[in-house]
Amino acid sequence: MNHPRRVQILRSALDRVQDGIAPVIDLFRPYVSGLATLPADGRFLLVGNHTQFVGGEVLLIPHFVRRAIGTQVRPLADRRFGQQPGFARDLMTAYGGVVGAPETARELMRHNETILVFPGGGREIAKFKGEEYHLNWDGRSGFARLAVENDYPIVSVGLVGGDDVYKSLVTRDSALGRLSRAASAKLAGNADMALPLMRGVGPTLLPRPQRMYLRFGEPIDTAKPNGESTEQWVASVRDSTQRSLETILSELLAIRADDPFHELNPLAWAGAVQAGE
């Protein structure tokens, strides 16, 4: 696809950054497992969870897939973000992202691309107290339908750490939570994007240092069995993917709980939990 020159320049710059960023990422010793299970041909759909520190999953998942099998990951962006004009849209395009429309995903699948989708969309980013690492798919099954239609394997991928960079201080049903939801509904026409009251380091919005934990699951076969209706199979694939991702998140939370390095304390560096332990 022919992109504007400004996007091509951004793409070239991002390629150089990605080629040289590995030592910086490794400095923070992210916990990564499951890379050996990725289909080597790159033909699969990654299904992940969003966190409040959304840059974690958007950076780390494509980075480690590229390091493992050499393919570029094509993230599907929430339409509310992906359709915004200006630099943000150019940056998304240069990074390989596209607006998450069914016809766009089908085109990527026709070209056997490695695709990344977050079924929770923007709703899963703004989490109130007690909602950390909870999936908020709201019954969405479009990703499963596309995978079934195109016989595309699904790989669930979970990230823990991003919901601990900021601490949500109020619940969704608290007075402040209800006020934020009402303001979001009035200004944006949707209460799903309501912003919780958060803090980072101390009372500030400086991000709290957190180790990131990333795990890729076993590929899920989406080929429809004989005698199974399409609707039933789509629902089954969606539910299997959600269970797989929830299991991954639960396992990573247990690993994180026993890791003395989870807050990136340099004194605990030697005791950091390693993948495979």
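Figure 1. Phe-143 is buried, at 7% relative accessibility (buried means under 20% relative accessible area, exposed over 50%, partly exposed in between, with a 1.4 Å probe and protein chains only). The model is predicted: local features need pLDDT of at least 70, side-chain atom pairs count only at pLDDT 80 or more, and totals for chains, interfaces and linings use all residues. Residues are numbered from 1 along each chain as its sequence is written, and side-chain values use heavy atoms, with hydrogens and water left out. Trp-137 is buried too, with a relative accessible area of 4%. Trp-137 and Phe-143 make an edge-to-face aromatic pair, 5.3 Å centre to centre with 75° between the planes. Rings of Phe, Tyr and Trp (its six-membered ring) pair if their centres lie within 6.5 Å; planes under 30 degrees apart count as stacked, over 60 as edge-to-face and the rest as tilted. The count by this rule is three aromatic pairs.

**Figure 2. Helix H7 and its surroundings.** Buried residues in H7 are Phe-143, Ala-144, Leu-146, Ala-147 and Val-148. They pack against E2, helix H6 (102-110), strand E5 (114-117), E6 and H9. Helices (H or I, at least four residues) and strands (E, at least two) are DSSP runs, numbered from the N terminus. Contact means heavy atoms within 4.5 Å. After H7 comes Asp-151, with a positive phi near 50°.

**Figure 3. The crossing of H7 and H9.** The two axes come within 8 Å and cross at roughly 115°. Axes are lines fitted to C-alpha atoms, for helices over the stretch in contact, and angles run from 0 to 180 degrees between N-to-C directions. H7 contributes Phe-143, Ala-144, Arg-145 and Val-148 to the contact, and H9 contributes Glu-231, Trp-233, Val-234, Val-237, Arg-238 and Thr-241. Six of the contact residues are nonpolar, one is polar and three are charged. Ala, Val, Leu, Ile, Met, Phe, Trp, Tyr, Cys and Pro count as nonpolar, Asp, Glu, Lys and Arg as charged, and the others, Gly among them, as polar.

**Figure 4. Helix H9 along its length.** H9 covers residues 230-257. Its 28 residues should span 40 Å at 1.5 Å a residue, and the end C-alpha atoms are 41 Å apart, which agrees. The expected span is 1.5 Å times one less than the number of residues. Among the buried residues of H9 are Trp-233, Leu-245, Leu-252 and Arg-256. The packing partners of its buried residues are strand E1 (31-33), strand E2 (45-48), helix H7 (142-149), strand E6 (154-160) and strand E9 (213-216).

**Figure 5. Thr-222 in the loop between E9 and H9****.** Thr-222 counts as buried, at 0% relative accessibility. Leaving out residues up to four places away in sequence, Thr-222 touches Ala-147, Val-148, Asp-151, Tyr-152, Pro-153, Ile-154, Trp-233 and Val-237.

**Figure 6. Leu-116 in strand E5****.** Leu-116 is buried, with 0% relative accessible area. Leu-116 touches Leu-46, Ile-61, Pro-62, Val-73, Arg-74, Pro-75 and Leu-76, again not counting residues up to four places away in sequence. Phe-44 lies 72 residues from Leu-116 along the chain, yet their C-alpha atoms are separated by 8.8 Å.

**Figure 7. The protein chain as a whole.** The chain has nine helices and nine strands. Of its 277 residues, 45% count as buried. Among contacts with a separation of 6 or more, 79% join residues 24 or more positions apart.
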